[in-house]
Amino acid sequence: MKKYYQIMKNTWDEMVTYRLNFSMWRFRNVLQLLTMYFLWYSVIPSNKSIFGYSHSLILTYILGTSILSSVVLSSRSYDIGDVINKGELSNFLLKPINFFYYLFAKDIGDKAMNIVFSFGELFLLFILLRPPFLIQTNPFYLVAFLIAICIAVILFFFFNLLLGFIGFWSPETWAPRFIFTILISFFAGGLFPLDILPAPIFALFKVIPLTYLLYFPLKIYLGQVQFVEIITGLIISTLWIFGMYKIIEAVWLKGLKVYTAQGM
Amino acid sequence: MGLVMAAISVSHLSKNYQTFQKDPGLVGSIKSLFSRKYETVKAVSDISFKINEGELVGFIGPNGAGKTTTLKCLSGLLYPTKGELSVLGFSPFKREKEFLKQISLVMGQKNQLWWDLPAVDTFLLNKEIYEVSDSDYKVTIDELSKLLDISEFIKIPVRKLSLGQRMKVELIAALIHRPKVLFLDEPTIGLDVVMQKNLREFIKEYNSRYKATIILTSHYMGDVEALCKRIIIIDHGKILFDGLLSDLVKKHAPYKLIKIIFKDFPNPQKLEGLGTVKHFEYPNLTLSVSAEKSNDSASFLLKNFSIEDIVIEDPQVEDVIRDVFTK
């Protein structure tokens with residue numbers, strides 16, 4: 001365990017090395033949040049509701065996705081493809097350390113840092129804007145919410161790994177990653193709540209894993225999902241975790257056999 | 001000899017790579033999107049050798065000879081296409097924890113240190129990764145930093161270090177767990193003469209102090225001459241020579257060089273039949289003569305010519321190896 005703690009510590013040190021970079025990036029996050037917030041603020045009048053979403057509900061949703069993104073979608077392992085291509089993977093293969101755990105430890109380090117800062121930013125935002133925000137107090141929803149977040153974190157990590165593994169076969173790993181980022185912003189529900197889509201399309205969304213990254217955990221927090229739906233959702237996303245794990249394992253082993261430790 | 005455990009044994013190792021070619025320019029790039037000609041490159045083909053515990057062996061060959069590929073196979077990075085490998089009784093590609101804890105691979109051109117952090121942060125991480133106890137870590141770091149004299153820049157971010165400084169901390173990072181088997185690939189590349197000498201002494205010291213088995217590849221014959229008794233010469237994926245460095249010279253270069261500085265211009269006719277003229281630019285002459293006749297030739301020269309200075313030398317290892325490659 002100690003080694004993974006050391007990895008997290010090094011990740012923090014690394015993140016704050018470039019102070020300007022770091023603060024600009026936080027600034028970008030705040031801007032993005034404010035844009036979304038004011039967009040929806042003006043779309044829905046304060047005493048009416050649209051698509052079953054009241055003013056305060058939609059604003060909670062938007063603020064919620066912002067916090068949730070910083071937990072689920074933050075990562076330090078987006079460059080696995082490059083690490084493989086440039087042969088830096090060798091550094092890890094040579095050591096008695098699990099590469100997956102190493103990456104996950106870095107990701108957790110990154111997420112911890114992100115959570116601290118987004119809470120700070122949101123706290124300021126609350127003082128300044130005093131937005132209507134729903135505080136969930138039902139313990140069942142809260143527990144289910146936490147479980148759904150853990151699943152989302154693992155799912156996103158797995159997506160990241162798979163995209164990175166393209167590096168074993170091709171040096172072009174960034175294009176697929178950009179496409180994935182765009183897909184996420186739409187399919188995961190970061191731009192709008194997915195249930196405002198037509199019912200048949202939304203039903204399809206429930207089967208794909210992307211829905212479980214942001215939309216599903218947040219809906220649980222808002223208390224808008226039935227007990228049965230929560231359970232089925234948790235089961236579907238857990239199945240995705242197992243399925244993706246199997247795929248990752250197979251791809252990894254295949255990749256290692258063609259790995260040429262280039263440039264090393 | 002007695003019973004000495006072979007630390008490394010390689011039998012009939014082959015490794016092939018798949019590569020594709022691309023014509024230059026944008027047109028070539030687009031063409032390669034649709035059809036690619038794949039080629040199989042035989043980096044290493046059917047090589048075998050054994051290395052005993054505590055040996056320090058030089059691995060020599062031109063660029064692309066297959067040295068690095070062999071080291072990568074031995075350290076478990078590459079999956080061998082054919083053949084059996086055993087390092088400390090382990091099969092490298094399985095990368096078992098106990099195996100990885102006992103080896104290290106250092107590449108002169110690559111770094112494992114965290115670029116933005118001081119070297120000491122990577123040291124601490126490696127300490128945890130290799131599960132080195134606090135007391136062992138302290139002893140090792142103290143010893144190694146004294147040998148390489150790094151204490152003054154251990155806390156400066158790696159990206160701000162000079163190449164020589166970085167190589168030193170790279171080596172230490174790779175040795176924190178005191179590996180029993182050490183693969184060094186071009187450890188002195190790009191370093192100045194003083195730094196090269198420092199590193200050589202360090203490698204020698206590490207070998208004798210910890211009884212470590214070391215394979216070293218290098219372009220600099222100086223490295224190999226200073227460090228290795230035994231060398232393996234490899235080219236085009238095949239072993240050309242495996243044996244003592246002194247035997248190589250005896251076997252492939254049974255001649256000596258006589259270097260003369262004349263006082264007066266010599267009569268060229270008198271020089272004929274003495275040996276092969278390697279180089280002549282008055283007043284300097286270099287003659288190559290067979291090893292057993294070298295003393296006679298020298299005394300003949302001294303008697304019959306007016307000579308300022310004369311030396312008999314073994315041929316340069318570099319030249320001998322060039323001979324081996326061109327054969």
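In this predicted model, strand 10 of chain B runs antiparallel to strand 12 of chain B, and seven bridges join the two.

A second open sheet in chain B has six strands in the order 5-6-7-3-8-9, and its pairing is mixed. Strand 5 and strand 9 of chain B stand at the edges with a single partner strand each, so one side of each has no neighbour in the sheet. Neighbouring strands of this sheet are turned against each other by 15° on average, direction ignored. Within the sheet, strand 3 (residues 56-60) and strand 7 (residues 213-217) of chain B run parallel and are joined by four bridges, with B:Val57 placed opposite B:Ile215 of strand 7.

The pairing of strand 8 (residues 230-235) with strand 9 (residues 238-244) of chain B is antiparallel and extends over six bridges. These two strands of chain B form a hairpin with two residues between them, and B:His236 in the turn has a positive phi of about 50°; B:Asp235 stands opposite B:Lys238, a residue of strand 9 of chain B. Helix 12 of chain B, residues 317-326, lies across strand 3, strand 8 and strand 9 of chain B, and runs at about 40° to strand 8 of chain B.

Among the helices of chain B, helix 5 (residues 134-148) can be followed in some detail: its 15 residues reach 21 Å from the first C-alpha to the last, close to the 21 Å expected at 1.5 Å a residue. B:Ile141, B:Leu144 and B:Leu148 are buried in this helix, and, seen down the axis of helix 5 of chain B, its buried residues fall within an arc of 80°, so they line one face of the helix. That buried set packs against helix 4 (119-129), helix 6 (163-175) and helix 7 (193-210) of chain B, whereas the face of helix 5 of chain B turned away from its buried side carries the exposed residues B:Ser135, B:Lys138, B:Asp142 and B:Lys146. After helix 5 of chain B comes B:Asp149, with a positive phi near 60°.

The contact between the two chains takes 24 residues from chain B and 20 residues from chain A. Helix 3 (97-100), strand 5 (103-107) and helix 4 of chain B each supply at least two residues of the side of chain B that touches chain A, and the largest share of that side, five residues, comes from helix 4 of chain B. By residue class, the side of chain B that touches chain A divides into 13 nonpolar, three polar and eight charged residues.

In chain A, A:Tyr259 lies in the segment after helix 11 (227-258) of chain A, and it counts as buried because it has 20 C-beta neighbours inside 10 Å. Leaving aside neighbours within four places in sequence, A:Tyr259 is in contact with A:Leu89 and A:Phe168.

As for chain B as a whole, there are twelve helices and 13 strands in chain B, and its C-alpha trace spans about 70 × 55 × 50 Å along its principal axes. Buried residues make up 35% of the 327 residues in chain B, and, of the contacts in chain B between residues at least 6 apart in sequence, 72% join residues at least 24 apart.

Technical notes:
Residues numbered from 1 in each chain as written. Chains lettered and ligands numbered in written order. Predicted model: local features only at pLDDT ≥ 70, side-chain atom pairs only at ≥ 80, totals over all residues. Expected span 1.5 Å × (residues − 1). Buried ≥ 20, exposed ≤ 12 C-beta atoms within 10 Å, placed from the backbone. Arc of directions from axis to C-beta. Contact = placed C-beta atoms within 7 Å. Nonpolar A, V, L, I, M, F, W, Y, C, P; charged D, E, K, R; others polar. Pairing = 2+ DSSP bridges. Axes fitted to C-alpha atoms, helices over the stretch in contact; angles between N-to-C directions.
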